Amino acid sequence: AMAEDDLSQKIGTVLILYNVGFDVLRDSMLDRQVMTITTKMVDATPIRNTAVHYCYNDPKLLPALAVAQLALGRNNRLRFRTHYGSHTECQY
């Protein structure tokens with residue numbers, strides 16, 4: 001698997017977080033406990049992530065994502081991309 005692949009570990013992988021089709025308030029995607037568990041799971045994987053792409057279609061997430069990007073710091077912010085749109089638009 002990717003964890004044993006030397007090339008994947010050397011150059012890294014891209015983590016894609018797909019949040020299209022969820023209602024933030026209804027589905028509690030910003031629930032602190034869910035975010036904590038997700039962060040721990042990503043940190044625990046033996047795969048080196050070099051970039052993150054976050055796909056979403058809920059405009060209510062824009063302020064939270066803007067604050068998150070500022071908190072990331074310059075180096076990580078360069079490796080974090082957001083993609084807003086429908087399912088079809090986020091495929092491109």
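Here are some questions and answers on how the terms used for this predicted model follow from its values.

This is a predicted model, in which local features need pLDDT of at least 70 and side-chain atom pairs count only at pLDDT 80 or more, while totals for chains, interfaces and linings use all residues. Residues are numbered from 1 along each chain as its sequence is written, and side-chain values use heavy atoms, with hydrogens and water left out.

Q: What makes up the secondary structure of the protein, and in which pattern along the sequence?
A: Helices (H or I, at least four residues) and strands (E, at least two) are DSSP runs, numbered from the N terminus. On that basis the protein has six helices and three strands, and the pattern reads α-β-α-α-β-α-α-β-α.

Q: How do you know that strand 1 and strand 2 pair?
A: Two strands pair if DSSP finds at least two bridges between them. Seven bridges join strand 1 to strand 2, so the two count as paired, and they run parallel. Tyr18 has Cys55 in strand 2 as its bridge partner.

Q: What joins strand 2 to strand 3?
A: Strand 2 (residues 49-56) and strand 3 run parallel and are joined by five bridges. In strand 3, Phe80 stands opposite Val52, and Arg81 stands opposite His53.

Q: Why do strand 1 and strand 3 stand at the edges of the sheet?
A: The three strands form an open sheet in the order 1-2-3, with parallel pairing. Strand 1 and strand 3 (80-84) each have a single partner strand, so one side of each is left without a neighbour in the sheet. From one strand to the next, the twist averages 20°.

Q: Which helix packs on the sheet, and which strands does it touch?
A: Helix 4 (residues 62-72) does, touching strand 2 and strand 3; contact here means heavy atoms within 4.5 Å. The direction of helix 4 makes about 170° with that of strand 3. Axes are lines fitted to C-alpha atoms, for helices over the stretch in contact, and angles run from 0 to 180 degrees between N-to-C directions.

Q: Why is Ile16 called exposed?
A: Buried means under 20% relative accessible area, exposed over 50%, and partly exposed in between (1.4 Å probe, protein chains only). Ile16 has 57% relative accessibility, so this residue counts as exposed. Ile16 lies in strand 1 (residues 13-19), and together with Val14 and Tyr18 makes a nonpolar surface patch of about 290 Å².

Q: What makes the contact between Lys60 and Asp58 a salt bridge?
A: A salt bridge is a side-chain nitrogen of Lys or Arg within 4 Å of a carboxyl oxygen of Asp or Glu. The closest N and O atoms of Lys60 and Asp58 are 3.9 Å apart, so the pair meets the rule. The count by this rule comes to one salt bridge.

Q: Are Asp58 and Lys60 buried, exposed or partly exposed, and why?
A: Asp58 has a relative accessible area of 8%, so Asp58 is buried. Lys60, at 46% relative accessibility, counts as partly exposed.

Q: Why is Pro59 called exposed, and where does Pro59 lie?
A: The relative accessible area of Pro59 is 54%, so Pro59 is exposed. Pro59 lies in the loop between strand 2 and helix 4. Pro59 and Gly85 are 26 residues apart in sequence and 9.3 Å apart in space, C-alpha to C-alpha.

Key
Patch = residues over 30% accessible without salt bridge, like charges linked within 9 Å, V, L, I, M, F, W, Y side chains within 5 Å. Areas by Shrake-Rupley, 256 points an atom, 1.4 Å probe, with all protein chains shown as cover.
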